[in-house]
Amino acid sequence: MGSLVGEKDGIIRSVSDTPPTHYQVIIQSFSLLFENAEKYESAEFEAGGYKWKLVLHPNGNKSKNVEEHISHHLAMADATSLPPDSQRKQKRFRRLTPEWGFDQFIPITVFSDSSNGYLVDDTCEVGAEVFVRKERSTGKGECLKMIKDPGGFNHLWKIENLEKLDSDYYDSREFTAAGYKWKMQFYPKGIDSGTASDLSLYLVLAGLASLTPPPKIYAEYSLVLSNELWTSLSYKENHWFSASSRENGSANFIPLRFCLEPAYKYLVNDCLFFRAAVTIRGIASTL
């Protein structure tokens, strides 16, 4: 049974004892999400013949300079089927504005106060109800688990005969981190903005075909090139790896001319030494 809280800017806010009808996300170890991620996007779900996703900013929407609040939005995964604009109040989702929600969804102090019941044992639930015409849904959801004190994993890869490599790219052997398979992918001639000028290096989530449904994995990683003096060049990133975003890295990892320059000592007996350091911070799986 819902109770009316208030209306502002034409938006009705209410409190309900029932879970969201269409999609819910269970977040475990919310404090770790708060500390380590600016934004979380849920998997896609369908309601009313359209595909949607939830967008949560645990520290507030920084693009709108939001502070001391959690921001919670609903976004269309594909807005191409929408009209370019509409004067009808209920059609807020448009091609140019496919995301809508609350930049000041709830104050962090209110949310974090356990007596309010939103955050219990560092776990919470967020969700959405989307009504398009007269549509019914049994609802779906996912569970996001942030990992406390995650262990890191390192994998070393030796590239031999650099100047004789003629394929577009090469894969390292697969390695395991947090129970998932990964590999490095190396483009000796570069790719995208690095074509013909830079070495390109990526971290790839492998073995997704054996995972049904595939998860989303929040990884903190470094790709490192070490030289003969064991000084290193590194690329560091945080990324949500998934079926639709399996790889992440740098097309401009290092200029080829630097790599071949003897003074930098990166090329040792025509060999390069790459290292991937991977730490898994969170995993989202389907309920």
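Visitor: Hi! Where is tyrosine 118 found?
Guide: Tyrosine 118 is in the loop between helix 2 (108–112) and strand 9 (123–128). Helices (H or I, at least four residues) and strands (E, at least two) are DSSP runs, numbered from the N terminus. This is a predicted model, where local features need pLDDT of at least 70, side-chain atom pairs count only at pLDDT 80 or more, and totals for chains, interfaces and linings use all residues. Residues are numbered from 1 along each chain as its sequence is written, and side-chain values use heavy atoms, with hydrogens and water left out.

Visitor: Is tyrosine 118 buried, exposed or partly exposed, and why?
Guide: Tyrosine 118 counts as partly exposed because its relative accessibility is 40%. With a 1.4 Å probe and protein chains only, buried means under 20% relative accessible area, exposed over 50%, and partly exposed in between.

Visitor: And which residues does tyrosine 118 touch?
Guide: Not counting residues up to four places away in sequence, tyrosine 118 touches Ile106, Val110, Phe111, Thr123 and Cys124. Contact means heavy atoms within 4.5 Å.

Visitor: New topic: how many cavities of 30 Å³ or more does the structure hold?
Guide: One. About 30 Å³ of space lies in the largest cavity. On a 1 Å grid over the protein atoms alone, a cavity is a set of points where a 1.4 Å probe fits but cannot get out; a pocket is an open set with protein on both sides within 12 Å along at least five of seven lines, and lining residues have an atom within 4 Å of a point. Points are joined across faces, edges and corners, and a volume is the space filled by probe spheres set on them.

Visitor: Which strand gives the most to the lining of the largest cavity?
Guide: Strand 6, with three residues. Strand 3 (23–28) and strand 6 (50–57) each supply at least two. The lining has seven nonpolar, two polar and no charged residues. Here Ala, Val, Leu, Ile, Met, Phe, Trp, Tyr, Cys and Pro count as nonpolar, Asp, Glu, Lys and Arg as charged, and the others, Gly among them, as polar.

Visitor: How much space lies in the second largest pocket?
Guide: About 850 Å³. Of its 32 lining residues, the closest to the centre are Ser42, Ala43, Glu44, Lys216 and Ser242.

Visitor: What about serine 242, buried or exposed?
Guide: Serine 242 counts as buried, at 9% relative accessibility. Serine 242 is in the loop between strand 17 (232–241) and strand 18 (247–255). Leaving aside neighbours within four places in sequence, serine 242 is in contact with Leu205, Leu208, Pro215 and Lys216.
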